[in-house]
Amino acid sequence: MSTITFETLADAYLSQRIVSDAHAANVRRIAVRCGNVSNESLNAYIQRRAKERKASTVKAERSILLTVWRWAFDQSLVETSPRGIAKIKPRRAPTQAWTPEQMRRLVDLCVAVDGERLRNGCRLGQLLRAWILLGYESGSRFGDLWRFTADNINGDAIQWTQSKTGDSITRLLSRACLEACRVMLDRSPDGRILGWACRKRQAMRLFSEHLDRCGLPGSSKWLRRSGATHIEIAEPGKAKLHLGHRTPGLAETNYLDWSQIRKHAPRTPALLD
C-alpha cells in the first residue's frame with residue numbers, strides 16, 4: 001500500500017493553483033480524511049462517506065480526490081493512476097425554491113425580531129432583511145455575499161468578482177435592498193455589509209430559526225435558486241446569467257424550480273379537446 005498521502009499531494013496540487021481560500025481548505029479537509037493514496041483507500045473512503053453524506057456530496061469529494069491523484073500521476077509524483085474507483089450516481093430530487101409570495105413573507109417577518117440584537121449590537125431584523133434582499137437580488141454565493149463591502153456598491157448596482165469562477169458580475173438592486181444595505185453599513189465597523197455581523201455557523205442558525213418563524217422549508221441557499229427561478233419565469237433563458245454559470249444546463253438541472261416555471265411556460269395550442 002502506498003505511504004504517500006492525499007494530504008501531501010493536495011498541498012503540492014494547491015501550490016500550483018490559484019483558488020479561493022475556502023476551496024483550498026475544502027480540498028485539504030477531504031484529502032486528510034481519505035488518508036493514503038491507493039485504490040483500496042479511496043474506495044473505502046467513498047463507501048464510508050456514502051453512509052454519512054448525500055450522494056451528491058460524495059460524488060463531489062470523489063471528483064476532487066481523483067483530480068488531485070491524476071494531476072500527481074501526470075507530474076510523476078506517484079507511480080500509478082487511479083483504477084477501478086467506485087462510481088456514485090446521485091438521485092436528484094426536483095429542485096424547490098420559494099415563490100415570490102413566500103419571499104415577501106421572509107422579508108415581512110424580519111420586523112418580528114427588530115428588537116433583538118446580537119452581541120456586537122447588530123439588530124437581527126436588519127441583518128436578516130439585508131441578507132434576504134441582497135442574496136435574492138444579487139444571486140451571489142454565501143462566501144461572496146458575506147465579503148461584500150461598501151466598495152462593491154456602485155450607484156444602484158453591486159459589482160464583484162466571483163471567488164469560485166473569477167468572473168466579474170454586476171447586478172442591479174432595488175431601492176429597498178440598497179436601503180437595507182445602507183442601514184447595515186451605518187453600523188458596520190469594517191465596511192462590510194453583512195460579514196461583520198456574525199460568522200457563518202451563527203448565520204446559518206439564525207436563518208434556520210427565521211425559516212421556522214415563517215413556517216417555510218429550505219435554507220439560505222434557496223435565495224439564489226429562488227432568484228434564478230423568478231428570473232427564468234420573467235425572461236426565459238436568463239437564469240444562467242443571473243447565477244454567473246459557465247456550464248451549460250447547470251441552472252436548469254440544479255437551480256430552477258420547474259413546478260413554478262411550468263405554470264408560466266408557453267404551450268402549443270390544443271389540437272384535441
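Which residue stands opposite asparagine 154 in E2? Alanine 157 does.

## Model and conventions

This is a predicted model; local features need pLDDT of at least 70, side-chain atom pairs count only at pLDDT 80 or more, and totals for chains, interfaces and linings use all residues. Residues are numbered from 1 along each chain as its sequence is written, and side-chain values use heavy atoms, with hydrogens and water left out.

## Strands and hairpins

Strands (E, at least two residues) and helices (H or I, at least four) are DSSP runs, numbered from the N terminus. Two strands pair if DSSP finds at least two bridges between them. E1 (residues 153-154) and E2 (residues 157-161) pair in the antiparallel sense over two bridges. Their hairpin has two residues between the strands. In this hairpin, glycine 155 takes a positive phi near 65°.

E2 also runs antiparallel to E3, joined by five bridges. Isoleucine 158 stands opposite arginine 171 in E3. The hairpin of E2 and E3 has six residues between the strands, and glycine 166 there takes a positive phi near 80°.

## Aromatic contacts

The structure holds nine aromatic pairs. Rings of Phe, Tyr and Trp (its six-membered ring) pair if their centres lie within 6.5 Å; planes under 30 degrees apart count as stacked, over 60 as edge-to-face, and the rest as tilted. Tyrosine 13 and tryptophan 71 form an edge-to-face pair, at 5.6 Å centre to centre with 80° between the planes. Tyrosine 13 lies in helix H1 (residues 6-15) and tryptophan 71 in helix H4 (residues 55-74), so the pair ties together parts 58 residues apart in sequence. Both tyrosine 13 and tryptophan 71 are buried (under 20% relative accessible area, with exposed over 50% and partly exposed in between; 1.4 Å probe, protein chains only).

One aromatic cluster is formed by Trp98, Trp131, Phe142, Trp146, Phe207 and Trp222.

## The second largest pocket

A pocket is an open set of points on a 1 Å grid over the protein atoms alone, where a 1.4 Å probe fits, with protein on both sides within 12 Å along at least five of seven lines; lining residues have an atom within 4 Å of a point. The second largest pocket holds about 200 Å³ of space. Volume here is the space filled by probe spheres set on the points, which are joined across faces, edges and corners.

Helix H6 (124-138), strand E3 (168-172), helix H10 (222-234) and helix H11 (239-243) each supply at least two lining residues. H10 gives the largest share, three residues. The lining includes Tyr136, Arg171, Ile231 and His242. By class, the lining has five nonpolar, two polar and four charged residues. Ala, Val, Leu, Ile, Met, Phe, Trp, Tyr, Cys and Pro count as nonpolar, Asp, Glu, Lys and Arg as charged, and the others, Gly among them, as polar.
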